[in-house]
Amino acid sequence: MNPILAPSLLSADFGRLAEELAALEAAGLSWVHLDIMDGHFVPNLTFGPPVVARLRPTTQLFFDVHLMVEHPERLIPAFADAGANLLCVHAEACVHLERTLQAIHDAGMQAGLAFNPATPLHWLDYLLESLDLVLIMSVNPGFGGQRFLPLARRKIQDAAARIRATGRAIHLQVDGGVCLENAGELVALGATVLVSGSAFFAHPPYAQRLAAFRQAMTP
Ligand code: DX5
Ligand code: ZN
């Protein structure tokens, strides 16, 4: 399976979101990463289901929605209606995590589980088989353009080993500080989906940037 690049819309031009999505699709991307922040779980605010719903009919891109919000279970129906393909919740934000993952699947979406840099992976002990994606945060979430935290390396390897042991095709996503310089190493450690915000959008044209990432991600 070829590694996937998921540009984070957080670094796109928020005044031209539909055009940005069209440009990503034209450049050959298949996924886009949508960062939803509530100003509580993280100290920043972005956008919510109404914006996603308006963007949905403009593109075929896979909507990979990263919920950095408290009580994410409350937003499951709204994001399903808005056309999210995958909903990723934070382990730190969920009390009844099994129920939340079940509700995401029942609503017809794929389910992801995200881990802040300091959060241990033991949440996966009994839940990994219920997931379509594991997200390892390699920065403390809230903002684009932060530096990759080295502690994420061992965690990616640990998550990759756990996923391999299931024998299932569960994605391993890395988000935060991903750039051309570390993309190859992250794939070698076991990542299958790399999120990139600032290191992608600051360097148009997007087709050229995608080609550069693809080359960097190829072992
Ligand atoms: C951070 C977000 C990321 C962010 C990544 O809280 O979850 O998706 O956009 O941005 P870069 O690639 O600039 O670190
Ligand atoms: Zn994200």
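Two axes count as roughly parallel at angles under 35 degrees, roughly antiparallel over 145, roughly perpendicular from 65 to 115, and oblique otherwise. This is a predicted model, in which local features need pLDDT of at least 70, side-chain atom pairs count only at pLDDT 80 or more, and totals for chains, interfaces and linings use all residues. Residues are numbered from 1 along each chain as its sequence is written, chains are lettered from A and ligands numbered from 1 in the order written, and side-chain values use heavy atoms, without hydrogens or water.

Start with helix 6, residues 180-189, and helix 8, residues 206-217. Helices (H or I, at least four residues) and strands (E, at least two) are DSSP runs numbered from the N terminus. The two axes come within 7 Å and cross at roughly 40°. Helix 6 and helix 8 are therefore oblique to each other. Axes here are lines fitted to C-alpha atoms, for helices over the stretch in contact, with angles from 0 to 180 degrees between N-to-C directions. Helix 6 contributes Leu180, Ala183, Gly184 and Val187 to the contact, and helix 8 contributes Arg209, Ala212, Phe213, Ala216 and Met217. Contact means heavy atoms within 4.5 Å. These residues split into 7 nonpolar, 1 polar and 1 charged. Ala, Val, Leu, Ile, Met, Phe, Trp, Tyr, Cys and Pro count as nonpolar, Asp, Glu, Lys and Arg as charged, and the others, Gly among them, as polar.

Helix 6 also packs with helix 5, residues 152-166, at about 35°, the axes being 9 Å apart. Here Arg153, Ile156, Gln157 and Ala160 of helix 5 meet Glu185, Leu186 and Leu189 of helix 6. This contact has 4 nonpolar, 1 polar and 2 charged residues.

Now turn to the metal. The zinc ion (ligand 2) is coordinated by His33 (NE2), Asp35 (OD), His66 (ND1) and Asp175 (OD), at 2.0 to 2.3 Å. Donors are N, O and S atoms within 2.8 Å of the metal (3.2 Å for Na, K and Ca); water is not among the atoms, so sites may look incomplete. Along the chain, the donors follow H-x1-D-x30-H-x108-D. His33 lies in strand 2 (residues 31-37) and His66 in strand 3 (residues 62-68), so the pair ties together parts 33 residues apart in sequence.

Two loops deserve a look. The peptide bond from Pro204 to Pro205 is cis, with omega near 0°. Pro205 sits in the loop between helix 7 (198-201) and helix 8. His71 is not a glycine, yet has a positive phi of about 50°. His71 belongs to the loop between strand 3 and helix 3 (76-82).
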